[in-house]
Amino acid sequence: MFQLIGAASASGYIITALFLLVALGRFARHILDRLTARLPERSALKHYTTAVVSLVFFCLLVIRMCFIATVIIDSAIQGKHVEVSGDPERQF
């Protein structure tokens, strides 16, 4: 029972941390957009900075979505009978 409660708490903390990372990514993207707005329109630095920041932000979103999907699928697959014992072969 305590293992299940601990797993639920850990996944909640991880999901919260991922939401905070995405929020920080949005903030960083906003700041970099403001900084690159001062560069000329055809600047290579502006192009590559925008591309890298967009790629990192997209990766953060994908990681968050995959983790949330994993938690949902894991909780849906679990059977109604869960036995917690010291024997690893009989645990689930």
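Me: Is Leu39 buried, partly exposed or exposed?

Reply: This is a predicted model. In it, Leu39 is partly exposed, with a relative accessible area of 27%.

Me: Where is Leu39 in the fold?

Reply: Leu39 sits in the loop between α1 and α2.

Me: And what does Leu39 touch, leaving out residues up to four places away in sequence?

Reply: With those set aside, Leu39 touches Leu45 and Lys46.

Me: What about Ser43, buried or exposed?

Reply: Ser43 is buried, because its relative accessible area of 17% is under the 20% cut-off. Ser43 is also in the loop, between α1 (2-36) and α2 (44-77).

Me: Which backbone atom does the Ser43 side chain reach?

Reply: The side chain of Ser43 reaches the backbone nitrogen of Leu45, at 3.3 Å. Leu45 is also touched by Leu39.

Me: Switching to the whole chain. How many helices and strands?

Reply: Two helices and zero strands.

Me: How much of the chain is buried?

Reply: Buried residues account for 15% of the 92 residues. The chain exposes about 7500 Å², and carbon and sulfur atoms supply 69% of that area.

Me: Which residues make a nonpolar surface patch?

Reply: Phe27, Ile31 and Leu35 make one of about 290 Å². Ile31 belongs to helix α1 and counts as partly exposed, at 35% relative accessibility.

Me: Which residues does UniProt list as "transmembrane region"?

Reply: The UniProt entry, which is unreviewed, lists residues 6-27 and 48-73 under that name.

Me: How far apart are the end C-alpha atoms over residues 48-73?

Reply: They are 37 Å apart, and the chain over that range is 100% helix and 0% strand.

Me: Last one: what share of contacts between residues at least 6 apart join residues at least 24 apart?

Reply: In this chain the share is 62%.

Terms used:
Residues are numbered from 1 along each chain as its sequence is written. This is a predicted model: local features need pLDDT of at least 70, side-chain atom pairs count only at pLDDT 80 or more; totals for chains, interfaces and linings use all residues. Side-chain values use heavy atoms; hydrogens and water are left out. Helices (H or I, at least four residues) and strands (E, at least two) are DSSP runs, numbered from the N terminus. Buried means under 20% relative accessible area, exposed over 50%, partly exposed in between (1.4 Å probe, protein chains only). A polar contact is a pair of N or O atoms within 3.5 Å; within protein, one must be able to donate a hydrogen and the other to accept it, and residues adjacent in sequence count only if both atoms are side-chain atoms. UniProt positions are given in the numbering used here, feature names are shortened, and annotations may be inferred rather than shown by experiment. Contact means heavy atoms within 4.5 Å. Accessible areas come from the Shrake-Rupley method with a 1.4 Å probe; for residues, only the protein chains shown count as cover. Patches are made of residues with over 30% relative accessible area and no salt bridge: like charges are joined within 9 Å, nonpolar side chains (Val, Leu, Ile, Met, Phe, Trp, Tyr) within 5 Å. A salt bridge is a side-chain nitrogen of Lys or Arg within 4 Å of a carboxyl oxygen of Asp or Glu.
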